[in-house]
Amino acid sequence: MDSSSSDTGALPHGGASTPPTSPPLPLHPAVVLSPCAACKILRRRCVDRCVLAPYFPPTEPHKFATAHRVFGASNIIKLLQDLPEEHRADAVSSMVYEASARIRDPVYGCAGAICQLQKQVNDLKAQLARAHAELAGARAQHAHLLALLCVEVAAASSSSPPAYCGGVSTVGVGYPTSSQLAAAAAPAADALYVVDGGSGLQLQANPVSWADEALWT
């Protein structure tokens, strides 16, 4: 009696013993491989070594849809298989670009885009030639005006040399020649500019020298 009562007292409520539970096994997440965009559009199984998978990921289905619309799947696969792997990415980019241009312009395709770019280049070359011509004309006009100012200043300085300076005779004193006066007056004439006053051309001082001004900005 005592032994049976002690055994039954050790059992939990309900009269049945629970077996020991084993530790839970770690659960590994199942890796789901999404098919590439090409196989998804073609509705076929994407194999492990699919030739289209590296270049048409599932996140960019529009790339294969554009190329497939113009070239076709068989031609794309054949072209990629004939090329080495280091050139396949560039070939896919070229096919997608050409297919997009052909869809936008069914008549000329990418040739139309190339012609448009060539026209823009020719227009820019013409604008650059006109700018160079205007710059050359401005430089020539500036040089001609500077030469005229130098001649006028030299002529005005050498026309009436003084005979006396402060009561002291200057006879025998060597005056500079016209070429020397023109060379000496060049910096001063460079700081002058012409103003049309109505009655004639007038010379006024320019605070900024012609040499300091930028001819082309």
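Q: What counts as a nonpolar core?
A: A nonpolar core is a set of buried Ala, Val, Leu, Ile, Met, Phe, Trp, Tyr and Cys residues joined through side-chain atoms within 4.5 Å. Buried means under 20% relative accessible area, exposed over 50%, and partly exposed in between (1.4 Å probe, protein chains only).

Q: And what kind of model is this?
A: This is a predicted model, where local features need pLDDT of at least 70, side-chain atom pairs count only at pLDDT 80 or more, and totals for chains, interfaces and linings use all residues. Residues are numbered from 1 along each chain as its sequence is written, and side-chain values use heavy atoms, with hydrogens and water left out.

Q: OK, how many residues are in the largest nonpolar core?
A: It has 18 residues. Those with the most contacts inside it are Ala38, Leu52, Phe56, Phe64, Ile76, Leu80 and Val92.

Q: Which elements give two or more residues to this core?
A: Helices H2 (37–42), H3 (61–70), H4 (73–82) and H5 do. H4 gives the largest share, 4 residues. Helices (H or I, at least four residues) are DSSP runs, numbered from the N terminus.

Q: What is Val92 in contact with, beyond four places in sequence?
A: Tyr55, Phe56 and Leu80. Contact means heavy atoms within 4.5 Å.

Q: Switching to H3. Which residues are buried there?
A: Phe64, Thr66 and Ala67. Seen down the axis of H3, its buried residues fall within an arc of 160°, so they line one face of the helix. The arc is that of the directions from the helix axis to the C-beta atoms.

Q: Which exposed residues sit on the face turned away?
A: His62 and Arg69. The cover over the buried residues of H3 includes H2, H4 and H5.

Q: What about Thr66: what is its relative accessible area?
A: 18%, so Thr66 is buried. A polar atom of its side chain lies 2.8 Å from the backbone oxygen of His62. Leaving aside neighbours within four places in sequence, Thr66 is in contact with Val96, Ala99, Ser100 and Ile103.

Q: What follows H3?
A: Gly72, with a positive phi near 90°.

Q: Last one, Arg88. Where is it found?
A: In helix H5 (residues 85–104). Arg88 is buried yet has no salt bridge, meaning a side-chain nitrogen of Lys or Arg within 4 Å of a carboxyl oxygen of Asp or Glu.

Q: How far away is the nearest side chain of opposite charge?
A: Glu85 is 4.6 Å away.

Q: Which backbone oxygen lies 3.1 Å from a polar atom of the Arg88 side chain?
A: That of Leu83.

Note on methods
Lys, Arg positive; Asp, Glu negative; His and termini not counted. Polar contact = N/O pair within 3.5 Å; in protein donor to acceptor, adjacent residues only side chain to side chain.
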